[in-house]
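Let's walk through this structure together, from the overall layout down to a few individual residues. Keep the viewer open as you read.

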Amino acid sequence: MNLSSLLAIESIKTTRATSFWVSLGIFALFSSLILWFSFQSVTVVNGQEVSSMRLPRDWGRLLSQFKGLQIIFVPISLILLTASEFTFKTARQNVIDGLSKESFLISKLLTTFALTLLYFLLTLVLGMLFNLGAINAEQSETARAFITSHDLFLFGTYLIVLLGYGMLGLFFAFLTRSSGSAIAFYVLYLVLEGLAGGLLQFSSTLKPIVKFFPTKVFDDLVNQFRFDSDSLAELQSQIKQAEGMGQTIPAEIYAQLPQLETEVAFLLTALYIGLIGGATYLLFKQRDL
């Protein structure tokens, strides 16, 4: 069965699932509330009111603000759609009807990418709509939203990282074959990886390996300073000045900087996505439906 047919089948399954529309609606509601506060609030700089968020200036800030929301909704939406296939035996019936296990897994990979793209694009669209509303309220024509080549690189990077989190959700859906258990395992994994990273910080020998943890690599790839050279240069300059004066630099300051070179972060992210996908395939291949 070709990819277009698999994608058509998955689109029918997805659009008929109540969980999908509920998750998408809740995400849109939360996003709208966050964006309303972000675009309507103002800060005072040198006695003048400055808009808190405007596009295209703040694309990076907008995506960074929504990352925490997206890495929850994308995997959970995927888990609800995938695990239900095992709960209601539709995965078994699909294979009985002639769909190979490989094709079934590929269809879920297509769903993973489609959901990742959907949630990502929804964020961009809502951001542009609220930006337009804020501009109209100000009667200004100087801040119309547009997308540059730099922004496209930023968007592509975030999309890859969200895909990595989505693949984690897909793995736990295939592992547990239960929506509740998969969601619990996914959240537990994030918590345990964070705890492990925190504990290893106390060991000078093991501390360097923390930055190579899967979600650490994902998060480092979309570090805001990686896409804001001016802010990065300013922070590095402040660190050098403080070091030159003999001041102690808190570890939290260094932690704000990208820990890996961009090429290395991209390579490791792609490797982890491939490994998670491979583990999902082996797990599905070796278990009965």
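This is a predicted model: local features need pLDDT of at least 70, side-chain atom pairs count only at pLDDT 80 or more; totals for chains, interfaces and linings use all residues.

Helices here are DSSP runs of H or I with at least four residues, strands are runs of E with at least two, and both are numbered from the N terminus.

Residues are numbered from 1 along each chain as its sequence is written, and side-chain values use heavy atoms, with hydrogens and water left out.

How confident is the predictor? Its pLDDT (confidence in each residue, from 0 to 100) averages 84 over the chain, and 84% of the residues reach 70 or more. Contact, by the way, means heavy atoms within 4.5 Å.

Of the 289 residues, 40% count as buried, where buried means under 20% relative accessible area, exposed means over 50%, and partly exposed is in between (1.4 Å probe, protein chains only). Of the contacts with a separation of 6 or more, 76% join residues 24 or more positions apart.

Now for the inside. A nonpolar core is a set of buried Ala, Val, Leu, Ile, Met, Phe, Trp, Tyr and Cys residues joined through side-chain atoms within 4.5 Å. The largest one has 58 residues, and Leu62, Leu63, Phe120 and Phe174 have the most contacts inside it. Elements giving two or more residues to this core include α2 (18-40), α3 (59-87), α5 (101-138) and α11 (262-286). The biggest share comes from α6, with 13 residues. Take Phe174 as an example: leaving out residues up to four places away in sequence, Phe174 touches Thr82, Phe86, Phe104, Leu105, Lys108, Thr280, Leu283, Phe284 and Arg287.

Helix α1 (residues 3-15) has 13 residues and reaches 18 Å from its first C-alpha to its last, close to the expected 18 Å (1.5 Å times one less than the number of residues). Leu6, Glu10 and Thr14 are buried in α1. Seen down the axis, the buried residues of α1 fall within an arc of 70°, so they line one face of the helix; the arc is taken over directions from the helix axis to the C-beta atoms. What do Leu6 and Glu10 contact? Both are in contact with Ser107, leaving aside neighbours of Ser107 within four places in sequence. Ser107 lies in helix α5 and counts as buried because its relative accessibility is 1%.

Last stop: α8, where 6 of the 8 residues are buried. Those are Pro214, Thr215, Val217, Phe218, Asp220 and Leu221, and their cover includes α6, α7 and α11. In the loop between α7 and α8 sits Phe213, which counts as buried because its relative accessibility is 18%. Beyond four places in sequence, Phe213 is in contact with Glu193, Ala196, Gly197, Leu200 and Tyr272.

Definitions and conventions: pLDDT is the predictor's confidence in each residue, from 0 to 100.
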